[in-house]
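Student: Please take one spot and look at it closely. Then lead me on from there, step by step.

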Amino acid sequence: MSDLPKVALVTGGSRGIGRAVTERLAADGFETWFTYVSRPEEAEKVVAGIEEKGGKARAFKLDSGDRDAIAAFFKEEIKGKAELEVLVNNAGITRDGLLMRMKDEDWDRVLQINLTGCFAFQREAAKLMSKQRRGRIVNITSVVGQMGNAGQANYCAAKAGLIGLTKSTARELAARGVTVNAVAPGFIQTDMTSELPEQAVEAMLTQIPLKRLGESDDIAAAVSYLAGPGGGYVTGQVLAVNGGMYM
Amino acid sequence: MSDVASKVKDIIVDQLGVSADEVVEGAAFVEDLGADSLDLTELIMAMEEEFDLEIDDEQAQKILKVKDAIEFIEKNQ
């Protein structure tokens, strides 16, 4: 075995679900690296929080929409310098609007970040994990990628696409001991949902059998399972963590 | 053995996990050396990296035996 650090890489790890996943994987014992785009001060806080608890973390400013930058990042920072044990594709954006009014740029940007970015990260990770004969990839999709959502045609298309990407990659890499799964969160309590009017939240809750919003930690626990020793025989799956809102 | 040939054989040994004496020039990757499609892809990528060249898919499909790989690289380097 090499003495390179065993790294879990999380895209979009400075806030929301990505932050919870980053912190959880660090607590699980991985050296945890994550990417962020805006708010470097938030990224620094995440690193400091992990280090305080005795873990190791690094933050990288990297745009998931930039394929060249992603390839360069793997070449310069990871190849030969770390064993990439886990990749969590979490980075995502929304540009909501009804289909008839949706602008090309809003369609393109969401597909670029939420789907093409995941492809680019996976392609680079696959080269390393395939050689290692070991690795776990977890893609964060969404309940709306499974059931659709008015006003989010771009986001839902990207998230549904991610499920196809997950299953294909799972089949390709299975022979190398690499598992690829998706986690599909339902409505999760984040900055975004906390700003919604009470009525909107009430309306959401009527759709959720467990009658509450999920927590970022619920998603982190699912990722931890798929990335950890207990998840080794699971591949090509979509693990729904949605309070039962879609079955 | 040429420099290219010995480097190519090293790559094959490394990628396919076979012993060096199995890697004769007439050996076919799939039939003789037990490579699957993923192995072949990785082999091509390793050669691209080592020799700093690009092997497109059409060309790659013609590289079936050890000697095909050596000849291709000697010609295109």
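Tutor: A:Arg39 sits in the loop between β2 (31–36) and α2 (40–52) of chain A. Helices here are DSSP runs of H or I with at least four residues, strands are E runs with at least two, and numbering starts at the N terminus. The model is predicted, so local features need pLDDT of at least 70, side-chain atom pairs count only at pLDDT 80 or more, and totals for chains, interfaces and linings use all residues. Residues count from 1 along each chain as written, chains are lettered from A and ligands numbered from 1 in written order, and side-chain values use heavy atoms, without hydrogens or water.

A:Arg39 is not a glycine, yet its phi is positive, about 55°. Its relative accessible area is 36%, which makes A:Arg39 partly exposed (buried is under 20%, exposed over 50%, partly exposed in between, with a 1.4 Å probe and protein chains only).

B:Asp52 has a positive phi of about 50° and is not a glycine. It lies in the loop between α2 (37–51) and α3 (57–60) of chain B. B:Asp52 is exposed, at a relative accessible area of 71%.

Now the place where the chains meet. Seven residues of chain A and seven residues of chain B make the contact (heavy atoms within 4.5 Å). A:Lys79, A:Lys131 and A:Arg176 give 56% of the area that chain A buries against chain B, more than any other three residues. Together the two chains bury about 590 Å², 37% of it on carbon and sulfur atoms (accessible area lost on being put together, 1.4 Å probe, summed over both parts).

Four salt bridges cross the interface of chain A and chain B (a Lys or Arg side-chain nitrogen within 4 Å of an Asp or Glu carboxyl oxygen). One pairs A:Lys79 with B:Glu49, the closest N and O atoms being 2.7 Å apart. Helix α4 (residues 104–132) of chain A gives the most to the side of chain A that touches chain B, with three residues. That side holds no nonpolar, one polar and six charged residues (Ala, Val, Leu, Ile, Met, Phe, Trp, Tyr, Cys and Pro are nonpolar, Asp, Glu, Lys and Arg charged, the others, including Gly, polar).

Last, back inside chain A. The buried residues of α9 include A:Ile219, A:Val223 and A:Leu226. The buried residues of α9 in chain A pack against α1 (16–27), β4 (83–89), β5 (135–140), β6 (178–185) and β7 (238–241) of that chain.
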